[in-house]
Amino acid sequence: MKLSQLYLPTLKERPAEAEVVSHQLMLRSGLIRKLAAGIYTYLPLGTRVLAKLKQIIRTEMNAAGAQEIIMPFVQPRELWEESGRWQHYGRELLRIKDRHDHEFCLGPTHEEVITDLIRGEIRSYRQLPINLYQIQSKFRDEIRPRFGLMRGREFIMKDAYSFDVDEDSSAVSYRAMYRAYGRIFARCGLRFRAVEADTGSIGGNFSHEFMVLAETGEDTVVNCSHCRYAANLEKAEMALASGETDTGDENLSAGLEEVLTPGQKTVEEVVVFLQIQPRNLVKTIIFSTDKGPVAALVRGDHEVSPAKLRTYLGANTLDLAEEQLVIEATGAPTGFAGAVGLPIPIYADHSVKGMSNVVMGANKKDYHFKHVNIARDVKIAGFADIRMAEEGAPCPKPDCAGQLIFSRGIEVGHVFRLGTKYSAAMKAAFLDAEGKERPAVMGCYGIGVGRTMAASVEQNHDADGIIWPMPLTPFQVLVLPVSVKPGEVWTAANELYHRLVEAGFEVLLDDRDDRPGVKFKDADLIGIPIRITIGPKALQEQSVEMRDRRTKETRLIKLSQVVDEIKERIRKEMDQIEAALTAIDQSANDL
């Protein structure tokens, strides 16, 4: 394609609204334009990238046995009432009414719709398993949409849903999707990790996030320095280090002592006031859940993981308690809560078990207890791993000597084992081999398509612009003549352009009558992997300048060798991807 015919409105300056690199560069390079907060138009260059990404997704989903459908974007309230999510989903669910005053929502996800479809069609176990997917726009009314396509309100998602006869069969479907997702992101030329994750508002009991690794990522990826263990920060397990619960600084027989701590509410304030270490204080944190208020205990130098606690309790919702609930549960304002005599269920992290002679709130304003012995003074409903992971902690896997290391990532995909949460609630059942009715066992699998595109930019850029991986690039080759005036340079450029197109390459010809410096800057900004510059001096030797956008390596090659050189450059990148695909297939087998 000729650049003069391409709608490509590039920007020289960084847009003031753009906070992250991908947002800046996608606006500057003419990939997208903003319509409203969190709502974007994809321009021609962005649409080409999007089309390639969708094709990769379709190829792998189809190969994994999934079948493509298209479901309605507008969904009736009644379905969401059946699943119990009409109220639970919150204000992100954009609710609307039609002219008959019937209530609907703009679909943020499609569990209810797909379950309604299946319950009306599936009757026998012989019709299962089945896996259906779509690539479609969604809408979530984010309170603060930001970062361009990274956190928009309207966004493109690939979502798939599997239905199986039992948990074993569902595990097979899950493994197939896990493998397909790994292959999708590898074929996009992305560096990523699949990590254990919390299921969040989607529900279910098991999930993995696929995280594109990028220094600018908003999520923390936790992985082992030795083995293949990986999880997000919410889910990452913590193993107890040797002697971690020992305090050992005072006599175990010391009785409770109430001490005045006027105005000392935070851990930092209390430890300074009482001249102790944070590890010698136990925090009591009150949460509200759909099962009632609960208390969570962690050491003063640790933090509670709400996701772990919610999962352990089997709660649908878990939120930090508001001040009034804290007062009702403890008799004291926030900052003085303690577990001694607390009348609500108390759950403690493993690291708290066996602790003695520790400081804890006294459930009385301006007072704390000293010499608390957990086993003697506190009635614990259960011990569990409920604290946030810490960098440098031992790997939680048995017989692994590694340590947890942190990196940054961007979530682009999530796969869930849903179980029967939706099928049981909405009566999506089938008759098994014995004629008994059973709910289908479900899986749910999502990819943020636009988000993946943005994540690729976050991972692949430099100070000059985007560096597209070959599988996603809008064009593979940019032919850039330094002059488009009639003459040898323009003639050679035009001939080379047509020769490359005939050879099967995706080629962009910069036929604009602009200064070479302007063309070079735009070339770096839009990030085409291979640039062929044609100038009069090299042309005298029947040569052109070939520049690799990623490595910035520039070298002269003969015109007669251009096709072979481009093929070799593409082959090298594809070989790296093939090696990654082999590793992914193996990791899926080990799941």
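User: Before we start, what makes a crossing left-handed or right-handed?

Analyst: A crossing is left-handed if the near helix is turned anticlockwise from the far one by less than a right angle, and right-handed if clockwise. Here, α6 passes α16 in a right-handed crossing. Keep in mind that this is a predicted model, where local features need pLDDT of at least 70 and side-chain atom pairs count only at pLDDT 80 or more. Residues are numbered from 1 along each chain, and side-chain values use heavy atoms, leaving out hydrogens and water.

User: Why are α6 and α16 called roughly antiparallel?

Analyst: Look at the angle: helix α6 (residues 167-187) and helix α16 (residues 562-589) have axes that cross at roughly 165° and come within 9 Å. Angles over 145 degrees count as roughly antiparallel (under 35 is roughly parallel, 65 to 115 roughly perpendicular, the rest oblique), so α6 and α16 get the antiparallel label.

User: Which residues of α6 meet α16?

Analyst: Among them are R175, Y178 and R179 in α6, while the α16 side includes I577, A580 and L581. Contact means heavy atoms within 4.5 Å.

User: Is N357 buried or exposed, and how do you know?

Analyst: Buried means under 20% relative accessible area, exposed over 50%, and partly exposed in between (1.4 Å probe, protein chains only). N357 has 6%, so N357 counts as buried. N357 sits in the loop between β17 (346-349) and β18 (358-361).

User: And what makes K552 partly exposed?

Analyst: K552 has a relative accessible area of 40%, so K552 falls in the in-between class.

Conventions. Axes fitted to C-alpha atoms, helices over the stretch in contact; angles between N-to-C directions. Helix = DSSP H or I, 4+ residues; strand = E, 2+ residues; numbered from the N terminus.
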